[in-house]
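I opened this model to look up its sheet, a few helix contacts and some single residues. My entries follow in the order in which I made them.

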Amino acid sequence: MFEWELRGLVKSINDVTIVIAPPFTAIHAASEAARNSNVAISAQNMSWEKEGAFTGEVSAGMISEAGADYVIIGHSERRTLFGEDSALVARKFRAAEAAGLTPILCVGEQLAEREAGDTERVIAAQLDAVLALCGERALANAVIAYEPVWAIGTGKVATPEQAQAVHRFIRERVSRGDATPTLLYGGSVKPDNAAGLFAQPD
């Protein structure tokens, strides 16, 4: 019933893109529930390979067939808990695009990296891996989510000014001509801080 309640709550919203990322096992049901609505469905992860003997992996084709249009690539938990480096993330990005999915590329720094003043270096390396493999325009029309690892599930949150500084850096690094990425912020966003974050120009 939740999905139908959500449809009703957001049916009049037409100036933002709404994307929900359920577990793999719920993608088909969620996509059916979202049919003919303004809600899109995303997978939370995917394989870097199109096909083959990779037991337990879920390919981009499977995700698309289940009804999703988006896929989250390089979430901080995938990078930190499952050891996915930026080269693997770039391969997943390329596979998603090849299958017609819209990748939501996640980038972000650890607390120690921020405190050391390495935020931009870390973000640049994560972006550059995709640019090197997929071409300079790969990210220009992409969805990029800045998620400082130190602000996920910790109760800490980047200030609007900190988030804006990183978003500006990302936009300047990957924009090409009139093409500019959609940027998201993720990291302990709550009703009492969302407005300040959303008010930032980037």
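**Entry 1: a residue in a helix**

I started with Thr119, which lies in helix α7, residues 119-134. The model is predicted, so local features need pLDDT of at least 70 and side-chain atom pairs count only at pLDDT 80 or more, while totals for chains, interfaces and linings use all residues. Residues are numbered from 1 along each chain as its sequence is written, and side-chain values use heavy atoms, with hydrogens and water left out.

Is Thr119 buried or exposed? Thr119 has 9% relative accessibility and therefore counts as buried. The cut-offs are under 20% relative accessible area for buried, over 50% for exposed and partly exposed in between, with a 1.4 Å probe and protein chains only. I then looked up its contacts, leaving out neighbours within four places in sequence, and found Glu109, Glu113, Arg114, Tyr146 and Val166. Contact here means heavy atoms within 4.5 Å.

**Entry 2: α7 against α8**

Axes are lines fitted to C-alpha atoms, for helices over the stretch in contact, and angles run from 0 to 180 degrees between N-to-C directions. The crossing of α7 and α8 is right-handed. A crossing gets that name if the near helix is turned clockwise from the far one by less than a right angle, and is left-handed if anticlockwise.

On the α7 side I noted Thr119, Glu120, Ile123, Ala124, Leu127, Asp128 and Leu131, and on the α8 side Val166, Phe169, Ile170, Arg173 and Val174. By class, the contact of α7 with α8 has 8 nonpolar, 1 polar and 3 charged residues. I counted Ala, Val, Leu, Ile, Met, Phe, Trp, Tyr, Cys and Pro as nonpolar, Asp, Glu, Lys and Arg as charged, and the others, Gly among them, as polar.

I also checked Ala165, which is in helix α8, residues 160-174. Ala165 is partly exposed, because its relative accessibility is 31%. Its C-alpha atom is separated by 8.6 Å from that of Asp202, 37 residues apart along the chain.

**Entry 3: α5 against α7**

Helix α5, residues 86-98, crosses α7 at roughly 50°, and the axes come within 8 Å. The pair is therefore oblique. Under 35 degrees would be roughly parallel, over 145 roughly antiparallel and 65 to 115 roughly perpendicular, with the rest oblique. The crossing of α5 and α7 is right-handed.

From α5, Ser86, Ala87, Ala90, Arg91, Phe93 and Arg94 meet Ala125, Gln126, Ala129, Val130, Leu133 and Cys134 of α7. I find 8 nonpolar, 2 polar and 2 charged residues in the contact of α5 with α7.

**Entry 4: the sheet**

In what order do the 6 strands stand? They form an open sheet in the order β1-β2-β3-β4-β5-β6, with parallel pairing. Two strands pair if DSSP finds at least two bridges between them. β1 (18-20) and β6 (182-185) are at the edges with a single partner strand each, so one side of each has no neighbour in the sheet. The twist averages 30° from one strand to the next.

I followed the bridges along the sheet. β3 (residues 70-73) and β4 (residues 102-107) pair in the parallel sense over 4 bridges. Ile72 stands opposite Ile104, and Ile73 opposite Leu105. β4 is mostly covered, with 5 of its 6 residues buried.

β4 and β5 run parallel and are joined by 4 bridges. Ile104 has Val143 as its bridge partner, and Leu105 has Ile144. Both faces of β5, residues 143-146, are covered: Val143 and Ala145 on one side, Ile144 and Tyr146 on the other, are all buried. β5 and β6 also pair in the parallel sense, over 4 bridges, and Tyr146 stands opposite Tyr185.

**Entry 5: a loop residue**

Last, I looked up Asn36 in the loop between α2 (27-34) and β2 (39-43). Asn36 is not a glycine, yet has a positive phi of about 60°. Most residues other than glycine have a negative phi. Asn36 counts as exposed because its relative accessible area is 75%.

Methods
Helix = DSSP H or I, 4+ residues; strand = E, 2+ residues; numbered from the N terminus.
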